[in-house]
Amino acid sequence: MLPKPKLRTSIQPPPGPSAKLVLPPEDTSTNTNPTTFNDAMIIRKAVFIDEQRCTADSEIDSDDARSWHWVLYDNSTATSTPVGVIRLVPPPQAPHTHLTEPQTAVAQGAREYDWAHEPCIKLTRVAIMPSFRGLGLGRRLVETALEWAAMHAADIDEAVAHTAARVKSSVTPIPWQGLVLVHAQVDVEGMYAALGFETDQSLGRWDEEGIEHVGMFRRVVLDK
C-alpha cells in the first residue's frame, strides 16, 4: 500500500497583464513564469496536452494572467511535488456563443466579454496527476477555491474593475454575488453535481479539444 500523501496547497495571485507566461520549457533558464504558476503548468501540460492530447498553443490563454491559481503539492518526500491544480477566473466571462458558435460569434463581431448577465467566477483547468487520482483531490481543490472566493469578493470585484478599464468598457460592472460556473467535461459532471453544481441544460453541450462539455452553476454565500 502506498503511503498517504502529505498535502499542502499554494495560491498564485493573478500574474498580471505584463507577465510573460509560457509552457514550462526543457531549458529552465528561459522560463519566466512565477514559481507556483510554473508548477501549475507542469501539471496542466502533463494532463491536458500529453494525456488528453489538447492543443499546446491554446493551453495558456488570455484568462491565465487575470486568474488565481492553486497548486496542490505532495510533501511526502524531500522534494515537494505538484500533483493538482485549479484556476479561478474572475468575471467577466466570454459570451457562451464563443464556445458553441465561434465562427458566427467572430463574424458578428461579438464582444470579448459578456457584461449583460449576472457576473460569475469560473473554475477551470482542474487537473490531478494520474498517480494521485481517486483520493478526492479534485473535490478538495474545488472546495478550496470556493471557500477562498466566498471570503474575497472584494478582490474579485477589483479584478473585474481592472478588466473593465483595460478593455475600456463603458458598462459599470455589477458586483459579484456568489455565482460560480464550471465548464465540466461530461465524465466529471457527477463530481460537480456532488459539490452542489447543477447542469444548465439551456447551455447545451459543446466540444472543446474533442472533449464534450456541459455548463454547471452553483452559488456560494459571501462572507461579508
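From the N terminus on, the elements of the protein chain follow the order β-α-β-β-α-α-β-α-α-β-α-β-β-β. That makes six helices and eight strands. The radius of gyration is 17 Å, close to the 17 Å that the globule rule gives for 224 residues, so the chain is as compact as a globular protein of that length. The model is a predicted one, and the values below are computed from it.

### Overall dimensions and surface

Taken along the principal axes, the C-alpha atoms of the protein chain fill a box of roughly 55 × 40 × 40 Å. Of its 224 residues, 43% count as buried. The protein chain exposes about 12000 Å², and carbon and sulfur atoms supply 53% of this area. Contacts across the sequence are also worth noting. Among contacts between residues at least 6 apart in sequence, 68% join residues at least 24 apart.

### Helix α1

Helix α1 covers residues 35–51. The helix has 17 residues and reaches 23 Å from its first C-alpha to its last, close to the 24 Å expected at 1.5 Å a residue. A bend of about 30° occurs in α1 at Lys45. Lys45 itself is partly exposed, with a relative accessible area of 29%.

An α-helix has 3.6 residues a turn, so residues three or four places apart point the same way.

### Salt bridges

Side chains of opposite charge can pair when their charged atoms come close. The structure holds 13 salt bridges.

| Pair | Closest N–O distance |
|---|---|
| Arg44 and Asp64 | 2.9 Å |
| Asp50 and Lys45 | 3.6 Å |
| Glu118 and Arg219 | 2.8 Å |

The bridge between Arg44 and Asp64 has its closest N and O atoms 2.9 Å apart. This pair links distant parts of the chain, since Arg44 is in helix α1 and Asp64 is in the loop between α1 and β2 (68–74), 20 residues apart.

The bridge between Asp50 and Lys45 involves the residue at which α1 bends. Asp50 is partly exposed, with a relative accessible area of 38%, and Lys45 is partly exposed at 29%.

Glu118 pairs with Arg219, their closest N and O atoms being 2.8 Å apart. Glu118 lies in the loop between α3 (102–107) and β4 (121–128) and Arg219 lies in strand β8 (residues 211–219), so this bridge ties together parts that are 101 residues apart in sequence. Glu118 counts as partly exposed at 36% relative accessibility, and Arg219 is partly exposed with a relative accessible area of 44%. Elsewhere, salt bridges that share partners join Arg44, Glu59, Asp61, Asp64, Arg87 and Arg125 into one network.

### Backbone details

Arg125, a member of that network, lies in strand β4. Its phi is positive, at about 50°, although Arg125 is not a glycine. Glu209 is another residue other than glycine with a positive phi, near 55°. Glu209 is placed in the loop between β7 (205–208) and β8, and at 37% relative accessibility Glu209 counts as partly exposed.

Which peptide bond is cis? The bond from Pro91 to Pro92 is cis, with omega near -5°. Pro92 lies in the loop between β3 and α2 (97–100).

Conventions. Residues numbered from 1 in each chain as written. Predicted model: local features only at pLDDT ≥ 70, side-chain atom pairs only at ≥ 80, totals over all residues. Heavy atoms only, no water. Salt bridge = Lys/Arg side-chain N within 4 Å of Asp/Glu carboxyl O. Helix = DSSP H or I, 4+ residues; strand = E, 2+ residues; numbered from the N terminus. Buried < 20%, exposed > 50% of the residue type's maximum accessible area, 1.4 Å probe, protein only. Expected span 1.5 Å × (residues − 1). Bend = angle between axes of the 7 residues up to and from the residue. Rg over C-alpha atoms; globule rule 2.2 N^0.38 Å. Contact = heavy atoms within 4.5 Å. Areas by Shrake-Rupley, 256 points an atom, 1.4 Å probe, with all protein chains shown as cover.
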